[in-house]
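Biologist: I would like to learn how to read the packing of helices in a model. Could we go through it step by step?

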Amino acid sequence: MTAQYVVVGVDGTLTAVRALDWAAQEAVRRRAALRIVHAVRDRDEAGPILASAAARVRAHHPALQVETASSVGGSAEALIRESDGAALTVVGNRGLGGITGLLFGSVSLRLAAHIRSPLLVVRGDHRCDDGREVLLGLASDADADAAAYAFEEAERRGARLRVLHSWSHRHVSPEMPSPVAATSPGQRELAQRGATEEAVPRFTLAELREQHPEVGVEAHTVPAGPAHTLLEATREAGVVVIGVHRHADRPGPHLGPVVHTLLHRSHCPVALVPTG
């Protein structure tokens, strides 16, 4: 297998064809090979679908190295194996379902929970190369891997990077009005928390800005729910990047409410980057 490669899962559906087109473009950007994978009950069933997918890619990208592979068993398990070491794995957000399908509720979620390399779930109707900005959802400085991926993606696309850091403050118990604005204990705590959160993008992105001086960056911190804020921002983005975190007491990354919201409702493709 080629050392630098992009993996894409296909199942013959129109959704998978769109994922295939995205994966081919991503492989071209990375100067990588494209590996097309189809999981089936009987390996002989894979031939026509893989041949059609490879022919489509070669017609649009004749210089791109294309490899195909069939796997007997479930789609998620096949893609988890194939993606080990891949630069990127790409899937559609829904499909036929069953053993050969790329049904969002099963395959994409299982991939997101167990994959060890970046995963792109193709959603929305934007073109892969339409020049839209890259959107990064930054939760904390623990998202350094996702931030690095977002900078690299913006550089590959020649696009701007928009960073959104959202936070929700705890409920502050009712207090007696203070004669001096913002001097009550609750107000001071909220102001201190706000100042701390405002500093997160500045410190997390500082080194990456130096490493990628050609990438234009716009960063915002907003005291609002991160899921809603990011979801609204995906309307204008070409791709949204977010980190998924591993925990010592769990076998794979923890998929929180932000990831679930984006995978179900994002207006653009979602890139999930394992961290930790």
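Modeller: What follows is a short walk through helix pairs and aromatic rings. Keep in mind that this is a predicted model.

Biologist: How is a pair of packed helices described?

Modeller: Two packed helices are described by the angle between their axes and the distance between those axes. Take helix H1 (residues 14-30) and helix H2 (residues 46-60): their axes come within 10 Å and cross at roughly 45°. H1 and H2 are therefore oblique to each other.

Biologist: Is the crossing of H1 and H2 right-handed or left-handed, and which residues make the contact?

Modeller: H1 passes H2 in a right-handed crossing. On the H1 side the contact is made by Val17, Leu20, Asp21 and Ala24, and on the H2 side by Ala53, Arg56 and Val57. Sorted by class, the contact of H1 with H2 has five nonpolar residues, two charged ones and no polar ones.

Biologist: At what angle do H1 and helix H5 pack?

Modeller: H1 and H5 (residues 144-157) pack at about 90°, with their axes 10 Å apart. That makes H1 roughly perpendicular to H5. Here Trp22, Glu26, Arg29 and Arg30 of H1 meet Tyr149, Glu153, Arg156 and Arg157 of H5. The contact of H1 with H5 divides into six charged, two nonpolar and no polar residues.

Biologist: How do helix H7 and helix H8 cross?

Modeller: The axes of H7 (residues 226-233) and H8 (residues 257-265) come within 9 Å and cross at roughly 30°. An angle under 35 degrees counts as roughly parallel, and that makes H7 roughly parallel to H8. H7 passes H8 in a right-handed crossing. Pro226, Ala227, Leu230 and Leu231 of H7 make the contact with Val258, Thr261, Leu262 and Arg265 of H8. By class, the contact of H7 with H8 has six nonpolar residues, one polar and one charged.

Biologist: What about rings? How many aromatic pairs does a search of the whole structure find?

Modeller: A pair of aromatic rings is described by the distance of the centres and the angle of the planes. In this model the search of the whole structure finds zero aromatic pairs.

Biologist: Which residue lies over the face of Tyr149?

Modeller: Arg156 does, at 5.6 Å from the ring centre. Tyr149 and Arg156 are also among the H5 residues that meet H1.

Terms used. Residues are numbered from 1 along each chain as its sequence is written. This is a predicted model: local features need pLDDT of at least 70, side-chain atom pairs count only at pLDDT 80 or more; totals for chains, interfaces and linings use all residues. Side-chain values use heavy atoms; hydrogens and water are left out. Axes are lines fitted to C-alpha atoms, for helices over the stretch in contact, and angles run from 0 to 180 degrees between N-to-C directions. Helices (H or I, at least four residues) and strands (E, at least two) are DSSP runs, numbered from the N terminus. Angles under 35 degrees count as roughly parallel, over 145 as roughly antiparallel, 65 to 115 as roughly perpendicular and the rest as oblique. A crossing is left-handed if the near helix is turned anticlockwise from the far one by less than a right angle, and right-handed if clockwise. Contact means heavy atoms within 4.5 Å. Ala, Val, Leu, Ile, Met, Phe, Trp, Tyr, Cys and Pro count as nonpolar, Asp, Glu, Lys and Arg as charged, and the others, Gly among them, as polar. Rings of Phe, Tyr and Trp (its six-membered ring) pair if their centres lie within 6.5 Å; planes under 30 degrees apart count as stacked, over 60 as edge-to-face and the rest as tilted. A charge sits over a ring if NZ of Lys or CZ of Arg is within 6 Å of the ring centre and within 35 degrees of the ring normal.
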